[in-house]
Amino acid sequence: MCLGFLLGVLVCQTGASLPSVATQSAAAAGAAVALSLAWKAGQWPGPVAYRALLALTLLGASLAGWGYAAWRADMRLADSLPAEWEGRDVVLAGVVASLPQDFERGVRFDFHVESSAAPVPAVISLAWYRGFRDEEMHALPEIHAGERWALRVRLKRPHGNVNPHGFDYEGWLLQQGIRATGYVRPSESNRRIEARAPGLMYAIERVREVVRERFRQALPDRPYAGVLVALAVGDQRAIPPEQWRVFARTGISHLVAISGMHVTMVAALFAALAGWGWRRTPALALRWPAQQAGVVVGFCVALVYCLLAGWGVPAQRTLYMLGCVALALVLRRDTAPSQVLALALGVVLVLDPWAATAAGFWLSFGAVALLFLVSAGRVGPEGRLVGVLRTQWAVTLGLIPALLVLFQQFSLVSPLANAIAIPLVSFIVTPLALLFALLPLQILADLAHGSFALTMLAVNWLGTLPWAAWYQAAPPPALAVTATLGCLWALLPRGTPARWLGLAMLIPLVLWTPPRPAASEARVTVLDVGQGLAVHVQTASHDLLYDTGPAFSADANSGERILLPYLRAAGVRRLQALVVTHQDNDHAGGAEAVLEGIPVDWVRSSLPANHPVRLIAGARDVPCAAGQSWEWDGVRFDMLHPVPDVSPAKINDQACVLRVEAAGRRVLLTSDIEAVSEAGLQQRDAAALASDVLVVPHHGSRTSSTPSFIAATSPRWAVFPVGYRNRFRHPNPEVWARWEASGAGLLRTDESGAVSFYLGGAEPLPEAERARQPRYWHGR
């Protein structure tokens, strides 16, 4: 039944729209009828009745899951910010509801709105900036979890970048219940109303912040302090990106989060201590069995730990499973492990139907299901070492399809890395971190950090091996399902016929490569990087990246967050060329991450000689210059700008302009050139500007897109790479109107997501990612 409920929830969460209220009511009625018939079928004997029971139960549970998820989604989407209130100052009061997170230019936190002068959602995400420029920097007041504040804010509806196989930020916000984002405006009316707002969850957040600060003070500038904070209170945002890369490459990411293993270990420890003490107290032992008392205490401790750890899906799953076990022991009922897991699955989905969209949901429940699979039906004694190796092999093999679908990689050294890390992290590092959270003795923090640093000596070495991880393009669903079935077959008990065939079913998955353009043809993808530009050009055997989008902060940029995951999912393991058109952050901000994250043969740029990108590229870097050209697989590339030995007055007019021509079709990539450069291009060779597709200069700024340039290029499609409600207000309304009057089809990345064009024999038509993978929450 729970699997059917999951199927219904999935159908809803992958839909482009939600069913009407009438359809939801019909689904509820259909579910009731189907489950009633299933109950009656269960009273009849025979195989036909049994098959009817299964079919009706699956149908009823699926309808229930679909209708329930749609009903919950309707309620959550109803709590929205009206479009007319976007970008307007709003005065509101409420409580800081999450751990404040410091970043380069300010602090970010979730805010529970209690009163407002406008129709504002109940939960919003706010950033409070120290300033946008260095000369504007000012001090912020201290902000702590659980404080009640009055603030003047400016909000916008949830919006995120949408790219092939990219992170769905809008979906994540919906799952978190955050229905608007924004920032605090400078105002004398911003003030703290109350230091400690009443409420259990606010008190828990205050405790989490105290523990986090305790670790920060005890371990300043220690490399793994963020890991200990994550293990104690579930706040993973202090772990730097380079450590996450090592964890992913070695397959131990699950150990630095609050995993089911950690919750189970803590619960088992306190259950054992409670049972030990209970048995030695005759009055208690006579009143209630020590085993039952122990499991109840263990469950209560696990509940507290899960709340302090941020209430993630793995922790929830473990808590509900422990609750089922505790209830079964108290009621003296024998419960199968599969029933416990199914009940935990159902409880998670009822409480949070959006959990099914999270990677952690599938990895968490999948890992436990695999453990149950390989441990079920075993007879006879088995050595501890053999059991550990078998379970590690099962989890490693069984999760390969899911890891390739979700992250396009899996670790080849994971079994060895986990064999080293699991005992140390689970039985030494985590207990010491929790002890320090309860008893702030410096020696406990030092021992916990030293133990994890010792663990990482071997793990870091494993991560440096060239074959440590397997990287793979995102596979099609059919291959992933086939490989999953194969893995399950291969993990069945000894004696199952042709288990080797299950491993063979994995081969097509790991060898699959996505189709590339044919010879003399190309695919051009304008990626959605917000207010910035990044374009991927792919031919039969070559890949070029034109610009790299913005850097969002010192620790986050579009290269790390958008481009590298996109290239990995597209099966690109090497770039033959990287063009960084000029030094503006929204074009060059992700270049360093790209150069460090993927091999690049050569670089073209208009960057200053001392720019970090040129220093990293070294001898591979050559300045852009008009007249440069090359051909790959029958596709011609021509650099049209800048002119050598000419120094424009503006940085924008130094930008590299590239024309791509394939199968008689042209794409013109113009970066940030302004009217002066547009005129120069027309004077040198106006005929060379004619294009089928054009990326509009300078995001549609009023300083570009002159009428003569529009007439010279005369594209069929014009793409505006812009960020949602960007502070420059691009595209300029007059520029948009000029392009619209030209007859070109107009596309905006903030509305369409990434936009792809195929340059072949036929007229190139746009494929917008928001239209290709629509979700009911997009734009809402």
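**Entry 1: two helices.** I began with the crossing of helix 5 and helix 6, which is right-handed. A reminder to myself: this is a predicted model. Next I asked which residues make the contact between the two. From helix 5 I noted R208, V211, R212 and F215, and from helix 6 I noted L228, V229, A232 and V233. Sorting these contact residues by type gave me 6 nonpolar, 2 charged and no polar ones.

Then I looked up the geometry. Two packed helices are described by the angle between their axes and the distance between the axes. Helix 5 covers residues 200-218 and helix 6 covers residues 225-233; their axes come within 10 Å and cross at roughly 155°. Because angles over 145 degrees count as roughly antiparallel, helix 5 is roughly antiparallel to helix 6.

**Entry 2: aromatic rings.** How many aromatic pairs are there? I found a count of 22. I picked out W244 and F247, whose rings sit 5.8 Å apart centre to centre, with 85° between the planes. That pair is edge-to-face, because planes over 60 degrees apart count that way.

Where do these two sit in the chain? Both belong to helix 7 (residues 241-250), and they are 3 residues apart, so about one helical turn separates them.

Technical notes
Residues numbered from 1 in each chain as written. Predicted model: local features only at pLDDT ≥ 70, side-chain atom pairs only at ≥ 80, totals over all residues. Heavy atoms only, no water. Axes fitted to C-alpha atoms, helices over the stretch in contact; angles between N-to-C directions. Helix = DSSP H or I, 4+ residues; strand = E, 2+ residues; numbered from the N terminus. Parallel < 35°, antiparallel > 145°, perpendicular 65-115°, else oblique. Left-handed = near helix turned anticlockwise from the far one by under 90°. Contact = heavy atoms within 4.5 Å. Nonpolar A, V, L, I, M, F, W, Y, C, P; charged D, E, K, R; others polar. Phe/Tyr/Trp six-rings, centres within 6.5 Å; stacked < 30°, edge-to-face > 60°.
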